[in-house]
Amino acid sequence: MTKSTSNKKENTDNSKINSKIGKPTQQQKFLLGIVFILFSVALFLSMVSFFIYWKQDQSAVSILSDRTVGVNNWLGKLGAYLAHLFLYKGFGIASFLFVKLFFVSGWYLILNLQFKKLKNIWFWDLFALLNFSLLFGFFHNYIPELGGVVGYEMNLYIEDFMGRPGIILVLIFSLIIYLLFKVNISIDSIQEFLKPKAVVSGDDYIVEAESEKAFDKTSTESAKDFTQEDEPQKPFSFEINKEALKPTIENASEINLEPQIKKEIPSQPSPITKEPEIIQTDDEQFVIEKAPEEEQIEENLAARLVADFGEFDPTLELSNYKYPTLDLLKEYGSAGITINQEELEENKNRIVDTLRNYKIDIAQIKATVGPSVTLYEIVPEAGIRISKIKSLEDDIALSLSALGIRIIAPIPGKGTIGIEVPNKNPTMVPMKSVLSSQRFQEAEMELPIALGKTISNETFVVDLAKMPHLLMAGATGQGKSVGLNAVLTSLLYKKHPAEVKFVLVDPKKVELTLFNKIERHYLAKLPDTSDAIITDNTKVINTLNSLCIEMDNRYSLLKDAMVRNIKEYNEKFKLRKLNPNEGHRFLPYIVLVVDEFADLIMTAGKEVETPIARLAQLARAIGIHLIIATQRPSVNVITGLIKANFPARIAFRVTSKIDSRTILDTQGADQLIGRGDMLYTNGNDLVRVQCAFVDTPEVEKITEYIGSQKAYPNAYLLPEYVGEENGTVLDIDISERDSMFREAAEIIVTAQQGSASLLQRKLKLGYNRAGRLIDQLEAAGIVGPFEGSKARSVNIPDLNSLNEFFNNENNNA
């Protein structure tokens with residue numbers, strides 16, 4: 001019997017079983033769905049023609065059996081009867097909702113979709129049907145056909161008990177029910193709309209509190225349901241007997257998870273008030289109170305604001321944001337590691353025999369099984385040179401018939417030599433198993449990234465904020481793009497849109513396009529640009545220089561706040577110790593992701609390398625972190641200036657030892673097996689990791705889930721940057737100047753800094769208007785020309801000189 005015959009028989013048996021137990025088959029559902037859709041079309045045609053010919057067809061409805069009587073309805077006598085039944089005898093014009101219900105039901109049956117959502121549609125549409133019929137029946141004295149008999153009778157019944165105003169009250173109550181439970185209007189937003197705004201005045205500024213409630217940060221949904229503990233593999237121990245070489249395997253795959261101790265957040269101490277100094281004299285007692293210092297006033301005000309309104313919550317604008325759930329990720333069946341005892345025994349014997357052929361005796365050998373690679377740790381006898389074992393790398397690979405082995409001599413921190421041998425049947429590491437692990441869920445990191453699993457089957461989680469920049473390299477098709485998706489997915493599952501922003505550079509134009517859907521949630525871009533994902537090299541140069549300007553602006557804010565890094569600054573801002581009127585704001589982390597860096601270097605060269613190097617040197621303290629990926633890790637692409645500032649590096653499989661030394665400063669990347677096998681280093685030891693696999697449909701589901709929620713009005717806008725080649729000599733007429741020209745000039749002269757960002761903060765303007773004001777000030781000669789990322793020079797020294805300048809202009813005019 002062939003396979004196709006057996007499948008047909010199996011389907012026939014299943015259909016018979018379904019028919020016996022009363023469950024409709026798929027063919028029956030499909031046929032019923034077609035009937036529902038055709039009936040909805042017929043009902044729609046009959047209802048539309050009813051409003052055209054119903055007066056002529058009214059007398060023929062009762063004598064359907066008489067074939068001599070004709071009707072004008074488009075569907076004949078049956079159409080006239082259906083329209084009469086639904087519209088006249090039924091719910092009136094609201095009966096058109098039946099057309100939608102039958103059509104949607106047919107569509108669900110055809111596509112074999114879940115009926116849970118269909119039940120919800122039927123319930124709320126029938127609820128709306130009754131209320132629309134009641135509403136249209138309210139006007140039965142004027143247009144009796146709108147509400148039908150049902151609407152007419154409902155109005156008469158309610159009017160007998162509550163009068164006509166009672167009908168209006170019932171309709172209003174039904175509308176409120178629909179808005180609360182169907183449209184899901186938040187009660188909190190209604191309460192906030194009805195509450196009067198409270199104004200709390202301080203010594204320096206006034207803070208308006210829109211709400212007295214503190215919104216809690218939404219936790220990741222379904223995290224506990226899908227949390228899986230890591231299962232680190234305890235090494236299998238082979239005890240070597242010199243005479244028989246019989247192995248003994250200790251079966252110990254125990255779960256060893258060390259619970260992380262959560263740090264308690266200390267409560268904010270109340271402001272300390274000093275007792276007034278008392279000075280004793282012979283005559284009488286004087287009490288002298290010192291005037292409070294300015295810093296103490298600000299601390300008291302900040303403490304009072306925190307006591308009244310709580311800490312500042314940056315997630316308040318998107319307080320109802322829901323993190324992606326783990327069920328959006330695909331669960332692969334072969335996620336667990338399978339241990340092949342025969343393969344372990346065979347490889348052990350071949351390693352021992354090969355070393356014995358070269359007169360190298362082994363005291364002990366252990367095996368640790370990973371997803372794609374097994375690590376054999378050997379302890380040689382005393383007097384054996386390590387270099388002698390390392391030189392036998394190719395011989396051991398030949399005896400094992402392996403794709404490529406890697407010898408670690410010695411393993412750092414251990415008195416053993418490691419031989420990594422690829423498994424015959426490597427295991428995939430799904431992204432879902434990594435994100436649901438306890439290590440990732442409880443990670444107390446600023447920017448946690450789950451890269452995959454190590455050889456001991458432990459989830460490998462690192463902090464991007466501690467790296468602080470990441471360099472990725474590998475040949476084509478070895479897993480770089482999947483690695484970038486794993487990095488971005490990890491941050492999407494852990495960070496709120498208010499806490500992190502991405503700047504995505506994709507010269508290939510196809511790898512990162514899926515993240516367009518979360519533009520107004522997570523992406524940052526230049527003003528007046530349509531696409532948030534940058535593919536044009538000219539825009540890349542402008543974006544990198546714009547990030548340099550953002551870096552300088554942030555360092556100015558840190559200087560004014562007297563803090564050293566972004567974490568301290570944001571904590572101080574949350575405690576309301578920084579005045580927003582002075583330009584202070586909550587600073588999200590910015591992650592710059594550059595795919596295919598070699599293409600940018602080839603086309604732009606120094607114009608790209610210089611801002612990249614500058615950001616890599618200085619941007620870590622103010623929360624700008626770089627992730628750069630390239631296929632070609634050659635020295636003219638990854639220069640010494642870039643390598644010096646990228647201590648964290650990931651190497652997928654490369655083609656030569658030279659490329660491996662370029663990216664890792666050591667060989668090893670040329671001996672990887674590909675398909676996500678990678679080496680990670682942060683300036684210390686190399687860690688071999690099997691990268692987590694996240695497929696394109698999974699990324700699409702995550703971005704659609706996030707993109708369907710409420711977002712910010714626009715993407716996060718970076719400072720505007722205009723290159724020197726785009727600068728033009730402006731000759732602007734005095735009559736065409738902005739209304740805030742003089743005020744802007746006074747701010748620039750007072751600060752002695754010609755910066756558009758300064759005008760944005762002081763005058764609360766947008767990027768475009770502030771840029772036009774700078775152009776007008778340049779045309780008037782108040783500020784100097786554009787000088788790259790530096791602020792423009794100011795040609796007028798003080799306000800008196802500025803007043804004389806304006807007086808001379810008016811006299812000349």
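The structure, a predicted model, holds 19 aromatic pairs. Rings of Phe, Tyr and Trp (its six-membered ring) pair if their centres lie within 6.5 Å; planes under 30 degrees apart count as stacked, over 60 as edge-to-face and the rest as tilted. Two edge-to-face pairs are set out here.

| Pair | Centre to centre | Angle between planes |
|---|---|---|
| Phe312 and Phe573 | 5.1 Å | 85° |
| Phe805 and Phe806 | 5.7 Å | 75° |

Phe312 and Phe573 link distant parts of the chain, 261 residues apart. Phe312 sits in the loop between helix H9 (294-309) and helix H10 (341-357). Phe573 belongs to helix H18 (residues 566-574). Helices (H or I, at least four residues) and strands (E, at least two) are DSSP runs, numbered from the N terminus.

Buried means under 20% relative accessible area, exposed over 50%, partly exposed in between (1.4 Å probe, protein chains only). Phe312 is partly exposed at 29%, whereas Phe573 is buried at 8%. Phe805 is partly exposed at 21%; Phe806 is buried at 6%.

One aromatic cluster is formed by Phe36, Phe39, Phe86, Phe91, Phe98, Phe102 and Trp122. Elsewhere, Lys494 lies over the face of Phe440, 5.6 Å from the ring centre. The criterion is NZ of Lys or CZ of Arg within 6 Å of the ring centre and within 35 degrees of the ring normal.

**The sheet**

Nine strands make an open sheet with mixed pairing, in the order E11-E10-E19-E18-E17-E12-E16-E15-E13. Two strands pair if DSSP finds at least two bridges between them. Strand E11 (459-463) and strand E13 (500-505) each have a single partner strand, so one side of each lacks a neighbour in the sheet. The twist averages 30° from one strand to the next. Axes are lines fitted to C-alpha atoms, for helices over the stretch in contact, and angles run from 0 to 180 degrees between N-to-C directions.

Strands E10 (residues 448-454) and E19 (residues 687-691) run antiparallel, joined by three bridges. Lys453 has Gln690 in E19 as its bridge partner. Helix H22 (residues 657-664) packs on the sheet and touches strands E12 (470-473), E17 (648-651) and E18 (677-681). The direction of H22 makes about 155° with that of E17. Contact means heavy atoms within 4.5 Å.

**Confidence**

pLDDT is the predictor's confidence in each residue, from 0 to 100. The protein chain has a mean of 77, and 76% of its residues reach 70 or more. Over residues 1-5 pLDDT stays under 50, with one contact beyond four places in sequence. Residues 7-12 also stay under 50, with zero such contacts.

Residues are numbered from 1 along each chain as its sequence is written, and side-chain values use heavy atoms, leaving out hydrogens and water. Local features need pLDDT of at least 70, side-chain atom pairs count only at pLDDT 80 or more, and totals for chains, interfaces and linings use all residues.
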